[in-house]
Amino acid sequence: MNPLPDSMGVRGTDHAHMIFDRSPVPIENRLGEEGKGLEVALSVFLTPSRISVAMSCVGLARRAQVRHTFGKPLAARQAISFALAENATDIEASRQLVFHAARKFEAGDDKADMFASMAKLNAVDMLTRVTDRALQVHGGVGYWEPNEIERIYRDARAQRFEEGTNEVQKAVIARDLLNG
Ligand SMILES: Cc1cc2nc3c(=O)[nH]c(=O)nc-3n(C[C@H](O)[C@H](O)[C@H](O)COP(=O)(O)OP(=O)(O)OC[C@H]3O[C@@H](n4cnc5c(N)ncnc54)[C@H](O)[C@@H]3O)c2cc1C
């Protein structure tokens, strides 16, 4: 196993290059046909995993919303309350699309992969907007550790790579649309 250098965010979990060299795997443990490993991984794993990452974005965005200062909620100020209202609307719209994709997946819908990609694409863009507004609401102090928003903002950026970039999600959505 080769460890990777430190990452910008998501430091609670680690990543490494795993090398399997002459590692025997019992035939009964094989998933799918021989030589079709990538196909199995992509067809079985990615759709639920994209729905899961999309819901992680919703959770992270909700966490970014929480903020108090000087013992009184910042929301008491009108300009701040508008930012919170925009964030709440953004979060709820994404949340409902994730639930919609999850229901499609559970029902075995043949367009579930498209809805999973829509949910993921929408959720990461929502998370970018919400964490950006949330950092602004915190003021400059939010840019520094140990403010939680500093970590949330960095962690959020990783979601645009995990389980495929926005470009990959768009390619999946367009393929399903064009295939009827
Ligand atoms: C925190 C984190 C965790 C990760 N965890 C995992 C993991 O657990 N397992 C795993 O396998 N991978 C993991 N990855 C890797 C991640 O899946 C890839 O980084 C991501 O899919 C992009 O692939 P790439 O880095 O090879 O970029 P590239 O494929 O080199 O792409 C570079 C850029 O070009 C764009 N691009 C590429 N092809 C096209 C195209 N045809 N049309 C338009 N634009 C295109 C991409 O969207 C991207 O913006 C992780 C990455 C991060 C940051």
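**Loops, helices and a ligand shell**

Trainee: Which loop is Arg22 found in?
Mentor: Elements here are DSSP runs numbered from the N terminus, with helices (H or I) of at least four residues and strands (E) of at least two. On that count, Arg22 is found in the loop between E2 and helix H1 (37-64).

Trainee: What kind of model is this, and how are residues numbered?
Mentor: It's a predicted model, where local features need pLDDT of at least 70 and side-chain atom pairs count only at pLDDT 80 or more, while totals for chains, interfaces and linings use all residues. Residues are numbered along each chain as its sequence is written, starting from 1.

Trainee: Is Arg22 buried or exposed?
Mentor: Count the C-beta atoms, placed from the backbone, within 10 Å of its own: 20 or more others is buried, 12 or fewer is exposed, and in between is partly exposed. Arg22 has 4 other C-beta atoms within 10 Å, so it is exposed.

Trainee: What is the phi of Arg22 near?
Mentor: Arg22 isn't a glycine, yet its phi is positive. The value is near 50°.

Trainee: Which residues surround the ligand?
Mentor: A residue makes the list if its C-beta atom, placed from the backbone, lies within 6 Å of the molecule. Val10, the positive-phi residue, is one of them.

Trainee: How far is Ala158 from Val124, C-alpha to C-alpha?
Mentor: Val124 is 34 residues away along the chain, and the C-alpha separation is 9.3 Å.

Trainee: Which peptide bond is cis?
Mentor: Look at Pro146, in the loop between helix H3 (112-138) and helix H4 (148-158). Omega is near 0° for the bond from Glu145 to Pro146.

Trainee: How many residues of H3 are buried?
Mentor: H3 has 27 residues, and its end C-alpha atoms are 38 Å apart. That agrees with the 39 Å it should span at 1.5 Å a residue, where the expected span is 1.5 Å times one less than the number of residues. H3 is followed by Gly139, with a positive phi near 80°. The helix is mostly covered, the buried count being 21 of 27.

Trainee: How do H1 and H3 lie relative to each other?
Mentor: Axes are lines fitted to C-alpha atoms, for helices over the stretch in contact, with angles from 0 to 180 degrees between N-to-C directions. Under 35 degrees counts as roughly parallel, over 145 as roughly antiparallel, 65 to 115 as roughly perpendicular and the rest as oblique. The two axes come within 8 Å and cross at roughly 20°. H1 and H3 are therefore roughly parallel.

Trainee: What residues make up the contact of H1 with H3?
Mentor: Divide them by class, as we did for the ligand shell. The contact has 17 nonpolar, three polar and three charged residues.

Trainee: How does H1 run relative to H4?
Mentor: The axes of H1 and H4 come within 10 Å and cross at roughly 155°. That makes the pair roughly antiparallel.

Trainee: What is the order of elements from the N terminus on?
Mentor: The protein has five helices and four strands, and buried residues make up 29% of its 180 residues. The elements run β-β-α-β-β-α-α-α-α.

How values were computed. Nonpolar A, V, L, I, M, F, W, Y, C, P; charged D, E, K, R; others polar.
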